[in-house]
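Subject: Structure handover

Hello,

Here is the structure you asked for, with notes on what turned up in it. Please read the notes with the structure open beside them.

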Amino acid sequence: MSASTLTAAEIAGMIDHAILKPELTRDDVDAQLDLAARYRIFSVCVRPSDVAHAAVRLAGTGVAVGTVIGFPHGTTSTAAKVAESRQAIADGAAELDMVLNVGRLRSGLLDDVEADIRAVVEAAGGRVVKVILETALLSDDEIVAGCTAAERAGAAFVKTSTGFAGGGATPGHVALMRRTVGPSVQVKASGGVRDLDTVLAFHAAGVTRFGTSGTATILDDAAAREAGGTGAARVDDTSY
């Protein structure tokens with residue numbers, strides 16, 4: 001199906017609703033979890049300390065719970081990432097979004113980068129692992145190298161960004177990532193995905209999952225367009 005004919009429900013099925021800001025209170029988190037359930041999105045991506053609570057609150061809604069590993073810098077040790085992954089799974093996480101070691105990638109230490117990713121993939125025990133490259137900090141060659149390492153290590157997705165490094169997904173980076181990995185690896189765009197037109201453009205470029213906290217704006221506009229309106233092309237400037 002082409003991007004222009006995606007329904008609101010189909011878009012909802014590609015959204016990981018991000019609930020990651022460090023300042024969020026429990027009430028803030030609950031409001032966002034309830035929003036996710038109301039919009040029937042694919043999953044939430046919550047802070048590791050919120051996984052168990054989110055799993056209970058979203059039980060029976062059909063919304064999966066994901067979390068982040070080595071977030072946001074990717075510089076924790078492999079052993080720490082493995083321990084964090086195991087705890088997240090024990091708490092009810094269905095998917096893990098791990099940050100690769102950006103400094104080692106930029107240093108050309110690709111065996112170390114691949115081993116770090118593989119350890120998390122193995123700890124995940126068959127659950128989906130998405131590898132965050134932080135593309136705003138990388139050259140094109142480094143993006144290719146990071147994607148290749150993630151694919152070799154068995155990751156299910158390569159992902160553009162954390163949303164916390166001063167840059168997010170770009171059309172050029174998304175296209176490069178899609179060209180680099182094979183068909184068994186999917187691409188997730190995150191960071192700066194704040195409006196429906198961005199979602200549609202990235203989907204046309206091969207993105208199959210979106211990390212955003214602008215879910216309500218995106219899906220309300222998608223529903224409006226589906227109903228025959230214009231969708232108003234709104235942008236959620238508070239999202240990440």
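The residues that line the largest cavity divide into four nonpolar, four polar and four charged. In this count, Ala, Val, Leu, Ile, Met, Phe, Trp, Tyr, Cys and Pro are nonpolar, Asp, Glu, Lys and Arg are charged, and the others, Gly among them, are polar. The lining has 12 residues, and Ala18, Leu20, Lys159, Ser190 and Gly211 lie nearest the centre of the cavity. The elements giving two or more residues to this lining are β1 (15-19), β7 (186-190) and β8 (207-212). Helices (H or I, at least four residues) and strands (E, at least two) are DSSP runs, numbered from the N terminus.

The largest cavity holds about 60 Å³ of space, and the search of the whole structure finds one cavity of 30 Å³ or more. A cavity here is a set of points, on a 1 Å grid over the protein atoms alone, where a 1.4 Å probe fits but cannot get out; lining residues have an atom within 4 Å of a point. Grid points are joined across faces, edges and corners, and the volume is the space filled by probe spheres set on the points.

On provenance: this is a predicted model, in which local features need pLDDT of at least 70 and side-chain atom pairs count only at pLDDT 80 or more, while totals for chains, interfaces and linings use all residues. Residues are numbered from 1 along each chain as its sequence is written, and side-chain values use heavy atoms, with hydrogens and water left out.

Next, Asn101. This residue lies in the loop between β4 (95-99) and α5 (102-106). Asn101 counts as buried because its relative accessibility is 12%; buried means under 20% relative accessible area, exposed over 50%, and partly exposed in between (1.4 Å probe, protein chains only). The Asn101 side chain reaches the backbone nitrogen of Arg104 at 3.0 Å, and a polar atom of that side chain lies 3.4 Å from the backbone nitrogen of Gly103. Beyond its neighbours within four places in sequence, Asn101 is in contact (heavy atoms within 4.5 Å) with Gly74, Thr75, Lys81, Val113 and Asp116.

Then the cysteines. A search of the whole structure finds zero disulfides, a disulfide being a pair of cysteine sulfur atoms within 2.5 Å. Cys45 is in none, and the nearest cysteine sulfur, that of Cys147, is 18 Å away. Cys45 is buried, at 4% relative accessible area, and Cys147 is buried at 0%.

Some backbone geometry is worth a look. Most residues other than glycine have a negative phi, and most peptide bonds are trans. Phe71 and Pro72 are joined by a cis peptide bond, with omega about 0 degrees; Pro72 sits in the loop between β3 (64-69) and α4 (78-91). Arg40, not a glycine, has a positive phi of about 55 degrees. Arg40 is in the loop between α2 (26-39) and β2 (43-46) and is exposed, with a relative accessible area of 68%. Glu134, also not a glycine, has a positive phi of about 60 degrees. Glu134 is in the loop between β5 (128-132) and α7 (140-152) and counts as buried, at 2% relative accessibility.

Last, Ala145 lies in helix α7. Leaving aside neighbours within four places in sequence, Ala145 is in contact with Leu105 and Leu110.

Regards

Methods:
A polar contact is a pair of N or O atoms within 3.5 Å; within protein, one must be able to donate a hydrogen and the other to accept it, and residues adjacent in sequence count only if both atoms are side-chain atoms. On a 1 Å grid over the protein atoms alone, a cavity is a set of points where a 1.4 Å probe fits but cannot get out, and a pocket is an open set with protein on both sides within 12 Å along at least five of seven lines; lining residues have an atom within 4 Å of a point.
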